[in-house]
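Reader: I have some questions about how the terms are applied here. Please show me the model first.

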Amino acid sequence: MGCRVLVVDDSEVLRKIVGFNLSKEGFTVEEAKDGVEALEKMKSQKPDLVILDIMMPNLNGFEVLRRMRSDPETSGIPVIMLTAKGGENDAKTALQYGANGFLTKPFSPLKLIEEVRRVTKCGG
């Protein structure tokens, strides 16, 4: 069985694109449309990796990551942050909050898969 990846983004199109590319490589993909749903799914499904958008309604990605890292149940789950803004400050903030990787939209499917493999212990 492939690794389980939770894709968190308020854009359904982006979730489907990321999910399709990961599924093609043998990953099992779950989706969440916002930070609140993401935190619930992390507790119930224990993903091997979370791909987390920064700009979302309800809870932004930084707040989700902060809550993950302060909860023993989710603190060890690797996180790759996604952002539409290529600002260096986002990358720096993401890493300070404990992100394991960072991708700027738009990104190539190849770069996505490389980053997922780098951050997880999964071959896919």
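Author: Start with Val8. Leaving aside neighbours within four places in sequence, Val8 is in contact with Ala32, Asp34, Ala38, Val50, Ile51, Leu52, Asp53 and Met56. This is a predicted model: local features need pLDDT of at least 70, side-chain atom pairs count only at pLDDT 80 or more, and totals for chains, interfaces and linings use all residues. Residues are numbered from 1 along each chain as its sequence is written, and side-chain values use heavy atoms, with hydrogens and water left out.

Reader: What makes Val8 and Ala32 a contact?

Author: Contact means heavy atoms within 4.5 Å. Ala32 is on the list for Val8.

Reader: Which residues have the most contacts inside the largest nonpolar core, and what makes it a core?

Author: A nonpolar core is a set of buried Ala, Val, Leu, Ile, Met, Phe, Trp, Tyr and Cys residues joined through side-chain atoms within 4.5 Å. Buried means under 20% relative accessible area, exposed over 50%, partly exposed in between (1.4 Å probe, protein chains only). The largest such core has 20 residues. Those with the most contacts inside it are Val8, Met42, Val50, Leu52, Val64, Met68 and Met81. β1 (4-8), α2, β3, α3 and β4 each give two or more residues to this core. The largest share, four residues, comes from α3. Apart from it lies another core, of 19 residues, among them Val5, Val18, Leu22 and Phe27.

Reader: Which residues of α3 are buried, and why are they said to be on the same side?

Author: Helix α3 spans residues 61-69, and its buried residues are Gly61, Phe62, Val64, Leu65 and Met68. They cover an arc of only 160° around the axis, which puts them on the same side of α3. The arc is that of the directions from the helix axis to the C-beta atoms. Helices (H or I, at least four residues) and strands (E, at least two) are DSSP runs, numbered from the N terminus. The buried residues of α3 pack against α2 (35-45), β3 (49-53), β4 (79-83) and α4 (88-96).

Reader: What is the strand order of the sheet, and how is pairing decided?

Author: Two strands pair if DSSP finds at least two bridges between them. Four bridges join β1 to β3, which run parallel. Four bridges also join β3 to β4, again parallel. β4 and β5 pair in the parallel sense over four bridges. The open sheet of five strands has the order β2-β1-β3-β4-β5. β2 (28-32) and β5 (101-104) stand at the edges, each with a single partner strand, so one side of each is left without a neighbour in the sheet.

Reader: What makes the link from Lys105 to Asp9 a polar contact?

Author: A polar contact is a pair of N or O atoms within 3.5 Å; within protein, one must be able to donate a hydrogen and the other to accept it, and residues adjacent in sequence count only if both atoms are side-chain atoms. The side chains of Lys105 and Asp9 meet at 3.0 Å. Lys105 also makes a polar contact with the side chain of Asp53, at 3.1 Å. Lys105 lies in the loop between β5 and α5 (109-119).
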